[in-house]
Amino acid sequence: MDVVWGDNVAQNIAFYVIAIPMVAAALKMVTTKNVVHAALYLVVVLVGVSAQFILLGAEFIAATQILVYVGAIVVLILFGVMLTRAKLGRDAEVNNDPTQRIAGALVAVILFAVMSYAIIDAFEGTELPEERYQPLQVVSDSIFSTYLVPFEATSVLLLAALIGAIVLARRD
Amino acid sequence: MLLTNFLLLAALLFCIGVYGVLARKNAVLVLMSIELILNAVNINLVAFGVITGTISGHVFALFIIAVAAAEVGVGLALVILIYRNRRSINLDELDLMKG
């Protein structure tokens, strides 16, 4: 399979410059034995995803990604690591036994082979439109008109999750 | 800029996340792998939203970010509860419902 390049060279270079560290950090995240290092590798992946959103012209989602994931979720995960007293150094007890790891790797490789075959078969050579910037006004108009009901349901979901998390984790 | 670039990147991240869920024993690390999977799906949604020229992909990605925040909050509360009861968050020791 020869590599097909897109029309816009600068965007292609930017894509690969962002994508390669992302994939490397993701691989380190699922293989490192240090839980805190795994959380920091997750930050690299999340920032990379945010940069890919900017390449796709979705600036508001990129900002939300940084605020919610890097600002809140990673901090929550680090709190989880702290409260469950995982050893802060190397910890041999974080992986399953080798047979299960090999089975997991096999599943992941086969899944990727099938998905990449399907993607290349269906979308090979499809160019993204040059004009793909979606201003915040369009997104917010859409949220507050077409998607108003899911939006309100999301706020109820967040409230339920908040109460649920407090009820579960508080000490009586 | 090709659509397949983004889709293949998302597929790769998704598969790395699946490997993380299957190969890890520590519950917090499994939650982190789930975050990886959700992010891969977000890239897909935004890319398809761009290719169809609608705003739906963007809006759904925002909703998924909100749901991921709720999920990780409740998930970590559960993990802390399990740790408090069993002094361990190794997932292979949680076999209470095994027949």
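Helix axes are taken here as lines fitted to C-alpha atoms over the stretch in contact, and angles between N-to-C directions run from 0 to 180 degrees. Helices are DSSP runs (H or I, at least four residues), numbered from the N terminus. The model is predicted: local features need pLDDT of at least 70, side-chain atom pairs count only at pLDDT 80 or more, and totals for chains, interfaces and linings use all residues. Residues are numbered from 1 along each chain as its sequence is written, and chains are lettered from A in the order in which they are written.

In chain B, helix α2 (residues 27–52) packs against helix α3 (residues 56–86) at an angle of about 175 degrees. Their axes are 9 Å apart. α2(B) is therefore roughly antiparallel to α3(B) (angles over 145 degrees). Contacts are counted where C-beta atoms, placed from the backbone, lie within 7 Å. On the α2(B) side they include Leu31(B), Leu38(B), Leu45(B) and Phe48(B). Among their counterparts in α3(B) are Phe60(B), Ile64(B), Val72(B) and Ile82(B). The residues of this contact divide into 17 nonpolar, 6 polar and 1 charged. Ala, Val, Leu, Ile, Met, Phe, Trp, Tyr, Cys and Pro count as nonpolar, Asp, Glu, Lys and Arg as charged, and the others, Gly among them, as polar.

The contact between the chains takes 75 residues from chain A and 61 residues from chain B. On the chain A side, α1 (9–31), α2, α3 (59–83), α4, α5 (136–143) and α6 (148–169) each supply at least two residues. The largest share, 13 residues, comes from α4(A). By class, this side has 50 nonpolar, 20 polar and 5 charged residues.

The largest nonpolar core has 74 residues. Such a core is a set of buried Ala, Val, Leu, Ile, Met, Phe, Trp, Tyr and Cys residues joined through C-beta atoms within 7 Å; buried residues have 20 or more other C-beta atoms within 10 Å of their own. Val45(A), Val28(B), Met32(B) and Val46(B) have the most contacts inside the core. Helices α1, α2, α3 and α6 of chain A and α1 (3–23), α2 and α3 of chain B each supply at least two of its residues. α1(B) gives the most, with 15 residues.

Helix α2 of chain A (residues 35–55) has 21 residues. It reaches 31 Å from its first C-alpha to its last, close to the expected 30 Å (1.5 Å times one less than the number of residues). Just after α2(A), Gly57(A) takes a positive phi of about 80 degrees.

Ile102(A) lies in helix α4 (residues 98–123) of chain A. Ile102(A) is exposed, with 12 other C-beta atoms within 10 Å (the cut-off is 12 or fewer). Its C-alpha atom is separated by 31 Å from that of Phe15(A), 87 residues apart along the chain.

Definitions and conventions. Parallel < 35°, antiparallel > 145°, perpendicular 65-115°, else oblique. Contact = placed C-beta atoms within 7 Å.
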